[in-house]
Structure formats: C-alpha cells, structure tokens
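Subject: Structure handover

Hello,

Here is the structure for you to take over. Please open it first, then read the notes below.

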Amino acid sequence: MTAPAPRRQGTSAGNRLFDRFDLVLLLVLAVIVSQALVDTRGSVWGSLVTHATTGLALVVATRASAARRRVRRVLDVLVVVTLVSNVLLLLPAGGQPVPPDALQPEGVWLGAAVVLPVIIGRRLLEHPVVRVQTVLGAVAAYLQIAVAYATLFQTVDGLTPTHFFGEQVSTTAYTYFSLTTISTVGYGDLVAATDLARLAATSEAVVGQVFLVTFVALIVSRFAAGPGRGARGARHDADLADE
C-alpha cells in the first residue's frame, strides 16, 4: 500500500489564517489606534466600532496561532455575545452620547486579552526557523500585552470606589498610559492614584521588560542550532492548519 503524500505546510483551506501574524499585527495596531482615539464612554458608534475591531483581532489571532477548537469557539461566542449585548445596551440611546457612568463591557474582554499573548507565544515557539511571521508575531504579542493592560486599568477603574487616576478620564487615557508604561517612558502627566492601580501599572512595566528579555531570547536560543524538527515538524504544522 502506498503511503499518502504529506500535506504541505500552510496550504490547507481549513485554516487560511494559519501563521498570518502580519494580519494579527495590523489588527492589534488597529485596536490600539481605535482605543487611543475613540472615547467609548461617550460615543455609541465609537464603542461599537472599537469593540468590533477588538473582537476581529481576537478571532484572527486565535486562528493564526492554531489555537484549539474549544478555545476558538469560546472566544467566538465571547465576541458575538459581547457585541450583541453592546448593541442592545446602546440602541436605546438613539445615537445620543451615553452617560459617562454607563456600563461598558471592557471587563468581558479582559480574560481574552490576557490569554491572547500566551496563545500567540506558544505558536511562535513551534516555528522550526525564525521567519518574518515569527518576528511580526512577537511584536503583535508585545503590543497585545499593552492592550490587555489598558483593558485591566479600565476594569479596575470601574470596579473600585476611587478612580484609577484619582478622577474620571476618557477611555483613551488608559491606552495612552499603558503604552507609555510598557515602554517605560513615563511622561508623568497621568499617575496611578491608588495602591491597586500602582501595582497594576508597575506590573506592566515589569512584564513588558521580562517579555523582551526572556521571550525573544527564548526564540533565538530555540532555533540557534537549526531547524531540528524535519518532516515531523512540517506534518505537525500541516495538522494545525487543518484544524
């Protein structure tokens, strides 16, 4: 009996987004831009567009990372339910600005936003050689950490009696503060006002630096000796693409 021919890596129609970390990076950048420019606390359509962009980034990233089907389905349901509930919440406003204290579903995204860099990182460590997509995926994972922390800051602000910055600010401030914190720039125009807020902010600075020092080094050291996986690695990638 003739053995079946091995499937070519990444050519399966079952998952055309497999290893497309260029698209993931573009969507993560789109999420950052939308969250940095649109105050979701005061705009019905801005809130919907921002959450739709975030949801699309989550869906594409899980498929590019070949996440397990159960994980993909859970995140797909999360995205759909959140968007539908967001629409139902905002429709009665009739296009008028929502009250500043209106419920926003940022906390719902928190779990997915935190898990996503881990899912991306796991897939990148499976690459037999460092490619352009590997580098783009690492950048996307790093920026997604900033997105996750911006969501965390906003969630902390909504769940604690004292505002994160000591006063109410637009939702765009959380993305700005997250990016300046993870890059350790720290302009000082925004300062965490509570112990919990300060803990969250300092943890982002530490996590961001640890990611750059350890994860990037781990990728380089893993593949410094060459491919090392051969046909078995190619078959594994093809199987992931088929899921």
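Which residues does Ser-34 touch, not counting residues up to four places away in sequence? Ser-34 touches Thr-50 and Thr-53, where contact means heavy atoms within 4.5 Å.

Some ground rules. This is a predicted model, in which local features need pLDDT of at least 70, side-chain atom pairs count only at pLDDT 80 or more, and totals for chains, interfaces and linings use all residues. Residues are numbered from 1 along each chain as its sequence is written, and side-chain values use heavy atoms, with hydrogens and water left out.

Back to Ser-34. Ser-34 sits in helix H1. Helices are DSSP runs of H or I with at least four residues, numbered from the N terminus. Ser-34 is buried because its relative accessible area is 12%; buried means under 20%, exposed over 50% and partly exposed in between, with a 1.4 Å probe and protein chains only.

Next, H1 against H5. Their axes come within 8 Å and cross at roughly 25°. H1 is therefore roughly parallel to H5 (angles under 35 degrees count as such). Axes are lines fitted to C-alpha atoms, for helices over the stretch in contact, and angles run from 0 to 180 degrees between N-to-C directions. Val-24, Leu-25 and Val-28 are among the H1 residues in this contact, and Leu-136, Leu-143 and Val-147 are among those in H5. The contact residues divide into twelve nonpolar, four polar and one charged. Here Ala, Val, Leu, Ile, Met, Phe, Trp, Tyr, Cys and Pro count as nonpolar, Asp, Glu, Lys and Arg as charged, and the others, Gly among them, as polar.

Now the core. The largest nonpolar core has 45 residues. Such a core is a set of buried Ala, Val, Leu, Ile, Met, Phe, Trp, Tyr and Cys residues joined through side-chain atoms within 4.5 Å. Val-24 and Phe-165 are among the residues that touch the most other members. H5 gives the largest share, twelve residues.

Last, the loop between H6 (172-182) and H7 (195-223). Leu-190 lies there. Leu-190 is partly exposed, as its relative accessible area is 22%. Beyond neighbours within four places in sequence, Leu-190 is in contact with Phe-165, Ala-173, Tyr-176 and Phe-177. The C-alpha atoms of Leu-190 and Tyr-176 are separated by 9.2 Å. Gly-186 is in that loop too. Gly-186 is exposed, with a relative accessible area of 55%.

Best wishes

Definitions and conventions. Helices (H or I, at least four residues) and strands (E, at least two) are DSSP runs, numbered from the N terminus. Angles under 35 degrees count as roughly parallel, over 145 as roughly antiparallel, 65 to 115 as roughly perpendicular and the rest as oblique.
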